[in-house]
Amino acid sequence: MQKSQGSIMPAGPLMKEHRLIERMIAVIKKETENLASGKELDVLFIKEAADFITTYADQCHHGKEEDILFRELAKKNISKEHSEIMNQLIAEHKYGRKTLKDLITAEDRYEKGDKKAKEEVLNCLKALVNFYPKHIEKEDKHFFLPCMDYFSSKEKDDMLEEFWEFDKTLIHKKYKIMVEQMEMLKKA
Ligand SMILES: [Fe+2]
Ligand SMILES: [Fe+2]
């Protein structure tokens, strides 16, 4: 198991996840530009992008930030500046979730024949492309690293351990929910 030898752990895994989110956002940005110049909506792409944001960016990544890092920071006597940033980050996660929900709803309407919903899908994609890089920059450059100083080596090791445990159970939760939903759908 990886231990917190350096001072940046457990900010390390969260920052590594940011790099993959950025790569996906770059792909979404390209598709957004194509859609804006008249390309047909690629329903499969939207579904895959929405699944990435739901499962990886929100449940896996924001999940560890909120349920573990922010929870532990809330127990510490953090500075006013860090407390304000943490509140902004929580509000931003909510905004990201709302935009994602709007995207899924608009895509569903488009798929059911409402071709005007393409504009709404496009606006949601643009909003996500605009949102994620700024949110990530705030965490990478102004929050994660200074916040590591609030924790002892033991606390950082414990947090990393909890991160791994969180990741380990996530895929099982995701597919359990999927099977339950399918059971419900097929019963109806
Ligand atoms: Fe975040
Ligand atoms: Fe993040």
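The four donor atoms around the iron ion (ligand 1) subtend angles of 86 to 174°, so the arrangement is irregular. Four donors count as tetrahedral if all angles lie between 85 and 135 degrees; four count as square planar and six as octahedral if opposite donors are over 155 degrees apart and all others between 65 and 115; anything else is irregular. His93 lies in helix α3 (residues 80-111) and His135 in helix α4, so the pair ties together parts that are 42 residues apart in sequence. Helices here are DSSP runs (H or I, at least four residues), numbered from the N terminus.

This is a predicted model: local features need pLDDT of at least 70, and side-chain atom pairs count only at pLDDT 80 or more, while totals for chains, interfaces and linings use all residues. Residues are numbered from 1 along each chain as its sequence is written, chains are lettered from A and ligands numbered from 1 in the order written, and side-chain values use heavy atoms, without hydrogens or water.

Donors are N, O and S atoms within 2.8 Å of the metal (3.2 Å for Na, K and Ca); water is not among the atoms, so sites may look incomplete.

| Ion | Donors | Distances |
|---|---|---|
| iron ion (ligand 1) | Glu65 (OE), His93 (NE2), His135 (NE2), Glu139 (OE) | 2.1 to 2.2 Å |
| iron ion (ligand 2) | His18 (NE2), His61 (NE2), Glu65 (OE), Glu139 (OE) | 1.9 to 2.2 Å |

The site of the iron ion (ligand 2) is irregular too, with angles of 80 to 165° among its four donor atoms. Glu65 bridges the two iron ions, which lie 3.2 Å apart. Glu65 is buried (under 20% relative accessible area; exposed is over 50%, partly exposed in between; 1.4 Å probe, protein chains only), at 0%. Glu139 is buried, also at 0%. His93 and His135 are both buried.

Technical notes
Helix = DSSP H or I, 4+ residues; strand = E, 2+ residues; numbered from the N terminus.
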